[in-house]
Amino acid sequence: MTARVDRGQLSDALWPAAFGIALFGPGMQATEVLSGGEAWSWVEAVLRGGFFGACVALAAMVYLRFSARARERAAVERAVSAGALPDDAGAEWVGRLAAERRRVRSDRFAVPLFSAAVAVLVAAAALQPEGPGGWSWLYVVGLLALGVVVGLREHRRSQTAERLLTELRERLAPA
């Protein structure tokens, strides 16, 4: 008996892990440089971020495996990403799409703000004598770019969720 892996489930776990890796390790390292006067260590930042990302991915996969609500939400996220409703989408999807639209609108501002906050922390740490030095500015720019890209992506997903919600309501209206 072979277990079937849902490719969508894997990506649903990897996106939060990737953000954890990119933001957690360097953010924690920057707070240690700023508050404790410790020297910056890219190795520690990568190890912390990797450990945090692995924990987040594992927790997300377990949650998706054992929670019907999480699987429903993942199905709605995939529908929004694909820009098309499944053929069997019924009235229960109205609430799910509305919740996804609210979540995406929140992420549209929260993720870029969090990314900018970590970029400010890393930039402030780079100014310290114990800081990461020259290449950290490239990382700061990367974090800011990440925030912009995610904000634009979530804006597009918000519009798609709104369109799908309208389509679903029109599909259900004659019934």
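What is the mean pLDDT of the protein chain? The mean is 83, and 92% of the residues reach 70 or more. This is a predicted model. One stretch stands out at the start of the chain. Over residues 1-9 the pLDDT is below 50. Beyond near neighbours in sequence, residues 1-9 have six contacts in the model.

Begin with helix 2. Helix 2 covers residues 42-66, 25 residues in total. From its first C-alpha to its last, helix 2 reaches 36 Å. That is close to the 36 Å expected at 1.5 Å a residue. Which residues of helix 2 are buried? They are Ala-45, Gly-49, Gly-53, Ala-57, Ala-60 and Leu-64. Further along, Arg-65 and Phe-66 come together. The charged end of Arg-65 sits over the ring of Phe-66. The distance to the centre of that ring is 5.9 Å.

Now turn to the aromatic rings. The structure holds three aromatic pairs. One of them joins Trp-40 and Trp-42: the ring centres are 5.1 Å apart and the planes stand at 65 degrees, so this pair is edge-to-face. Are these two residues buried or partly exposed? Trp-40 is buried, because its relative accessibility is 11%, under the 20% limit. Trp-42 is partly exposed, with a relative accessible area of 32%. Trp-42 also pairs with Tyr-139, again edge-to-face. Here the centres lie 5.7 Å apart, with 75 degrees between the planes. This second pair links distant parts of the chain. Trp-42 is in helix 2 and Tyr-139 is in helix 5, 97 residues apart. At 22% relative accessibility, Tyr-139 counts as partly exposed. Together, Trp-40, Trp-42 and Tyr-139 form one aromatic cluster.

Next come the charged side chains. Side chains of opposite charge can pair when their charged atoms come close. How many salt bridges does a search of the whole structure find? The search finds twelve. One of the salt bridges is between Glu-77 and Arg-103, with N and O 3.3 Å apart. Glu-77 lies in helix 3 (residues 68-82) and Arg-103 in helix 4 (residues 92-126), so the pair ties together parts that are 26 residues apart in sequence. Glu-77 is buried, with a relative accessible area of 15%.

Helix 5 spans residues 136-172. In helix 5, look at Glu-154. Glu-154 forms a salt bridge with Arg-153. Their closest N and O atoms are 2.8 Å apart. What does Glu-154 touch, not counting residues up to four places away in sequence? Its contacts are Val-104, Asp-107 and Arg-108.

Helix 5 holds another charged pair. The side chains of Arg-163 and Glu-167 meet in a salt bridge, 2.6 Å from N to O. Both residues lie in helix 5, four residues apart. That spacing is about one turn of the helix. Are Arg-163 and Glu-167 buried or partly exposed? Arg-163 counts as partly exposed, at 36% relative accessibility. Glu-167 counts as partly exposed too, at 33%.

Some salt bridges share partners. Which residues do they join into one network? The members are Arg-73, Glu-77, Glu-100, Arg-103, Asp-107, Arg-153, Glu-154 and Arg-157. The pairs described above that involve Glu-77 with Arg-103 and Glu-154 with Arg-153 have their residues in this network.

Finish with Leu-144, also in helix 5. Leu-144 is partly exposed, with a relative accessible area of 42%. Leaving out residues up to four places away in sequence, Leu-144 touches Ser-115, Ala-116 and Ala-119. How far apart are the C-alpha atoms of Leu-144 and Ala-57? They are separated by 24 Å, and the two residues are 87 residues apart along the chain. Ala-57 is one of the buried residues of helix 2.

Technical notes:
Residues are numbered from 1 along each chain as its sequence is written. This is a predicted model: local features need pLDDT of at least 70, side-chain atom pairs count only at pLDDT 80 or more; totals for chains, interfaces and linings use all residues. Side-chain values use heavy atoms; hydrogens and water are left out. Helices (H or I, at least four residues) and strands (E, at least two) are DSSP runs, numbered from the N terminus. The expected span of a helix is 1.5 Å times one less than its number of residues. Buried means under 20% relative accessible area, exposed over 50%, partly exposed in between (1.4 Å probe, protein chains only). pLDDT is the predictor's confidence in each residue, from 0 to 100. Contact means heavy atoms within 4.5 Å. A salt bridge is a side-chain nitrogen of Lys or Arg within 4 Å of a carboxyl oxygen of Asp or Glu. Rings of Phe, Tyr and Trp (its six-membered ring) pair if their centres lie within 6.5 Å; planes under 30 degrees apart count as stacked, over 60 as edge-to-face and the rest as tilted. A charge sits over a ring if NZ of Lys or CZ of Arg is within 6 Å of the ring centre and within 35 degrees of the ring normal.
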